[in-house]
Amino acid sequence: MNNIVSVVMTAFNVEDYVEESIKSVLLQTEKNWELIIVDDASTDRTLEILKKYEIIDSRITVIEHKKNKGAAEGRNTAIKNTNLNSKLVFIL
């Protein structure tokens, strides 16, 4: 894909809110995007919810930190895994 827009997001124990964030990306009029989500060792249902959306939409990639590393490290992990053709990277 050319001119792809990359959206990166970290998640830690946000089962009550994470679907709303994902749905906001899914509802965008731009269709040439990828969503990279790093789960930062959540202990609630966050990872389960993320994996569900990864199966539903191939533009969504979930990366799992086995140990909590914090939001900054999670964003760095996500950015390192964006498409090399990205013109823009948005951080949620």
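**Note on local features and helix packing in a predicted model**

1. At 44% relative accessibility, Ala 72 counts as partly exposed, a class lying between buried (under 20% relative accessible area) and exposed (over 50%), computed with a 1.4 Å probe on protein chains only. Ala 72 belongs to helix α3, residues 71-80; helices (H or I, at least four residues) and strands (E, at least two) are DSSP runs numbered from the N terminus.

2. The model is predicted, so local features need pLDDT of at least 70 and side-chain atom pairs count only at pLDDT 80 or more, while totals for chains, interfaces and linings use all residues. Residues are numbered from 1 along each chain as its sequence is written, and side-chain values use heavy atoms, with hydrogens and water left out.

3. Ser 42 sits in the loop that links β2 (33-40) to α2 (46-56). With a relative accessible area of 17%, Ser 42 is buried. Its side chain reaches the backbone nitrogen of Asn 13 at 2.8 Å. The side chains of Ser 42 and Asp 39 are joined by a polar contact of 2.6 Å. A polar contact is a pair of N or O atoms within 3.5 Å; within protein, one must be able to donate a hydrogen and the other to accept it, and residues adjacent in sequence count only if both atoms are side-chain atoms.

4. Leaving aside residues up to four places away in sequence, Ser 42 touches Ala 11, Phe 12 and Asn 13, where contact means heavy atoms within 4.5 Å. Asn 13 lies in the loop between β1 (5-11) and α1 and is partly exposed, at a relative accessible area of 30%.

5. Most residues other than glycine have a negative phi. Asn 13, although not a glycine, has a positive phi of about 50°. Ala 41 likewise is not a glycine and has a positive phi, of about 65°. Ala 41 is found in the loop between β2 and α2 and is buried, with a relative accessible area of 19%.

6. How do the helices α1 and α2 pack? The axes of α1 (residues 18-26) and α2 come within 10 Å and cross at roughly 20°. The two helices are therefore roughly parallel, a label for angles under 35 degrees, with over 145 counted as roughly antiparallel, 65 to 115 as roughly perpendicular and the rest as oblique. Axes are lines fitted to C-alpha atoms, for helices over the stretch in contact, and angles run from 0 to 180 degrees between N-to-C directions.

7. In the contact between these helices, Val 18, Glu 19, Ile 22, Lys 23 and Leu 26 of α1 meet Ile 49, Leu 50, Lys 52 and Tyr 53 of α2. The residues of this contact divide into six nonpolar, no polar and three charged.

8. Ile 22, in helix α1, is buried at 0% relative accessibility. Beyond residues up to four places away in sequence, Ile 22 touches Met 9, Leu 35, Ile 37, Leu 50, Tyr 53 and Ile 60. Ile 22 and Tyr 53 are 31 residues apart in sequence, and their C-alpha atoms are 8.0 Å apart in space.

9. Lys 51, in helix α2, is partly exposed, with a relative accessible area of 33%. The C-alpha atoms of Lys 51 and Ile 63 are separated by 9.5 Å, the residues being 12 apart along the chain.

Definitions and conventions. Ala, Val, Leu, Ile, Met, Phe, Trp, Tyr, Cys and Pro count as nonpolar, Asp, Glu, Lys and Arg as charged, and the others, Gly among them, as polar.
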